[in-house]
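Subject: Structure handover

Hi,

Here is the structure for you to look through. My notes come after it.

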Amino acid sequence: MCKKIHLRKVRYKSDIIKVNKLARQIWREYYTPLIGKEQVTYMLEKFQSLKAISNQIASGYEYYLANYKKKDIGYTAFFYDNKHHTLVLSKIYLQKSYRGLGLGKEIINFIEEICRKNHIQKIHIFVNKNNKSSIAFYKKTGFIKAGASVKD
C-alpha cells in the first residue's frame, strides 16, 4: 500500500493551535448530530481547547497532525497506560472530505508501529456507543469490543 499521509508530532504552540482549529471544525460537523450542539461545545472546551490540549501533552499524551497533500487534514492522539502496558488511542479525527480514502487505516498502522517499537501488545480505545461509523471503522481495522463503560 502506498503511504499517503504524513504524521507530524505536535511540539509547538502553533501546532496546538492547528489541532484546536481542526477539532472545532471536525467536532462541530461530526458530533453535533450525535450528541447535540451544547454537548459538543462542552466537550471541545473540556478536551480540545488550547489549554486542554497543552495540559494533555504535558501529562503524557502524544498528539500528531495528519498531513495529506501538504495540508493538515486531521489529527490523532494517544497516551501510554504503563500500569496495564497498553496504548490508549484517544483520538483519530479527519476532515469530512478526507474520510473513506484509507487515511484512517494509515493512522492505525502508524499507531501499531509505535506499539511494536515499544513492545506494547494492546491498544485500547473508547468510542461513543452511538458513533456507528467509527465503531464500524475500528471493527474493520481489527479492533474488538472488550466491554462498555460510562465516561465523561
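First, the ground rules. This is a predicted model, where local features need pLDDT of at least 70, side-chain atom pairs count only at pLDDT 80 or more, and totals for chains, interfaces and linings use all residues. Residues are numbered from 1 along each chain as its sequence is written, and side-chain values use heavy atoms, with hydrogens and water left out.

Helices (H or I, at least four residues) and strands (E, at least two) are DSSP runs, numbered from the N terminus. Two packed helices are described by the angle between their axes and the distance between the axes. Axes here are lines fitted to C-alpha atoms, for helices over the stretch in contact, with angles from 0 to 180 degrees between N-to-C directions.

Helix 1 covers residues 13-35 and helix 2 covers residues 37-47. Their axes come within 8 Å and cross at roughly 140°. That makes helix 1 oblique to helix 2. (Under 35 degrees is roughly parallel, over 145 roughly antiparallel, 65 to 115 roughly perpendicular, and the rest oblique.) The crossing of helix 1 and helix 2 is right-handed. (Right-handed means the near helix is turned clockwise from the far one by less than a right angle; anticlockwise is left-handed.)

Contact means heavy atoms within 4.5 Å. Helix 1 brings Ala23, Arg24, Trp27, Arg28, Tyr31, Thr32 and Ile35 to the contact. Helix 2 brings Lys37, Gln39, Val40, Met43 and Leu44. By class, that is seven nonpolar, two polar and three charged residues. (Ala, Val, Leu, Ile, Met, Phe, Trp, Tyr, Cys and Pro count as nonpolar; Asp, Glu, Lys and Arg as charged; the others, Gly among them, as polar.)

Look at Met43 in helix 2. Met43 is buried, with a relative accessible area of 15%. (Buried is under 20%, exposed over 50%, partly exposed in between, with a 1.4 Å probe and protein chains only.) Leaving aside neighbours within four places in sequence, Met43 is in contact with Trp27, Ile35 and Gln48. Met43 and Trp27 are 16 residues apart in sequence, and their C-alpha atoms are 9.0 Å apart.

Helix 1 with helix 3

Helix 3 is residues 50-58. The axes of helix 1 and helix 3 come within 9 Å and cross at roughly 125°. The two are therefore oblique to each other. This crossing is right-handed. Ile16, Ile17, Val19 and Asn20 of helix 1 meet Leu50, Ile53, Ser54 and Ile57 of helix 3. The classes are six nonpolar, two polar and no charged residues.

Nonpolar cores

A nonpolar core is a set of buried Ala, Val, Leu, Ile, Met, Phe, Trp, Tyr and Cys residues joined through side-chain atoms within 4.5 Å. The largest has 22 residues, and Ile73, Leu87, Leu89 and Ile107 have the most contacts inside it. Two or more residues each come from strand 1 (5-9), strand 2 (62-68), strand 3, strand 4 and helix 4. Helix 4 gives the largest share, six residues. A second, separate core has 18 residues, including Ile16, Ala23, Leu44 and Ile53.

Two loop histidines

Most residues other than glycine have a negative phi. His85 has a positive phi, near 50°. His85 lies in the loop between strand 3 (71-81) and strand 4 (86-94). It is partly exposed, at 44% relative accessible area. His119 also has a positive phi, near 55°. His119 sits in the loop between helix 4 (103-117) and strand 5 (122-125). At 62% relative accessibility, His119 is exposed.

Best wishes
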